[in-house]
Amino acid sequence: MARLTVNGVVREVDAEPDTPLLWVIREQIGLTGTKYGCGIAQCGACTVHVDGAAVRACSLPLSAIEPGQKIVTIEGLAPGADHPVQRAWAQLDVPQCGFCQPGMIMASAALLAQTPNPSEQQIRAEITNICRCGTYNRVLAGIKLAAEGGRPGRG
């Protein structure tokens with residue numbers, strides 16, 4: 001049995017040590033907001049936070065999680081989906097199909113936690129998630145809006 005802290009709740013899970021964190025989150029814990037996209041850590045649909053850092057859960061084995069590390073999924077990012085990135089996404093209607101958006105939001109939130117006012121170059125370098133619908137310009141605008149506190153033109 002492994003003991004994980006997910007979204008502030010300590011949980012006991014029964015999974016093999018080499019089980020990807022993504023499957024533990026989805027199948028053992030039942031939080032399905034984190035998506036499976038590619039299985040090789042390239043697309044970012046599976047992005048979660050581990051101690052505040054954006055990680056690709058599809059390629060991170062359960063054994064890599066140390067006792068006491070805090071895991072946050074899209075469900076735990078903010079009560080009522082009220083994180084600045086989530087508010088910006090809704091305000092700008094960023095998603096198209098929406099499949100990649102939980103991972104995109106988690107990656108964006110981690111970027112803003114580390115770099116509160118990123119340049120366009122920093123955003124493009126840090127947000128490497130793939131969106132099949134091509135919403136990259138809206139994602140960029142959403143991150144900028146969230147950095148400005150939800151008020152366009154500020155800063």
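Which strands do the buried residues of helix 1 pack against? This tour reaches the answer by selecting helix 1 at the outset.

The structure is a predicted model, in which local features need pLDDT of at least 70 and side-chain atom pairs count only at pLDDT 80 or more, while totals for chains, interfaces and linings use all residues. Residues are numbered from 1 along each chain as its sequence is written, and side-chain values use heavy atoms, with hydrogens and water left out.

**Stop one: helix 1**

Select residues 21–29, which form helix 1. Helices (H or I, at least four residues) and strands (E, at least two) are DSSP runs, numbered from the N terminus. The buried residues here are Leu21, Leu22, Val24, Ile25 and Ile29; buried means under 20% relative accessible area, exposed over 50%, and partly exposed in between (1.4 Å probe, protein chains only). These buried residues pack against strand 1 (2–6), strand 2 (9–13), strand 3 and strand 5 (70–72). Next, select Gly30, which follows helix 1 and has a positive phi near 90°.

**Stop two: two loop residues**

Most residues other than glycine have a negative phi. Select Ala41, in the loop between helix 1 and strand 3: its phi is positive, about 65°, although Ala41 is not a glycine. Ala41 is partly exposed, with a relative accessible area of 22%. Then move to Asp51, in the loop between strand 3 and strand 4. Asp51 also has a positive phi, near 50°, and is partly exposed at 48% relative accessible area.

**Stop three: the two domains**

Colour domain 1 (2–76) and domain 2 (79–148) separately; these bounds come from an automatic or database domain assignment. Taken over C-alpha atoms, the domain centres are 20 Å apart. In the interface, 17 residues of domain 1 are in contact (heavy atoms within 4.5 Å) with 12 residues of domain 2. The area buried between the domains is about 1,100 Å², with 64% given by carbon and sulfur atoms; buried area is the accessible area (1.4 Å probe) that two parts lose on being put together, summed over both. On the side of domain 1 that touches domain 2, strand 3 (47–50) and strand 4 (53–56) each supply at least two residues. Strand 3 gives the most, with three residues.

**Stop four: salt bridges**

A salt bridge is a side-chain nitrogen of Lys or Arg within 4 Å of a carboxyl oxygen of Asp or Glu. Arg3 is exposed at 58%, whereas Glu12 is partly exposed at 46% relative accessibility. Arg87 pairs with Asp82, the closest N and O atoms being 3.4 Å apart. Now show Lys144 and Glu120, which meet at 3.3 Å, N to O. This pair links distant parts of the chain: Lys144 lies in helix 5 (residues 136–147) and Glu120 in helix 4 (residues 120–126), 24 residues apart.

**Stop five: Ala88**

Finish at Ala88, in helix 2 (residues 84–92). Is Ala88 buried or exposed? Ala88 is buried, with a relative accessible area of 2%. Not counting residues up to four places away in sequence, Ala88 touches Val94, Gly142, Leu145 and Ala146.
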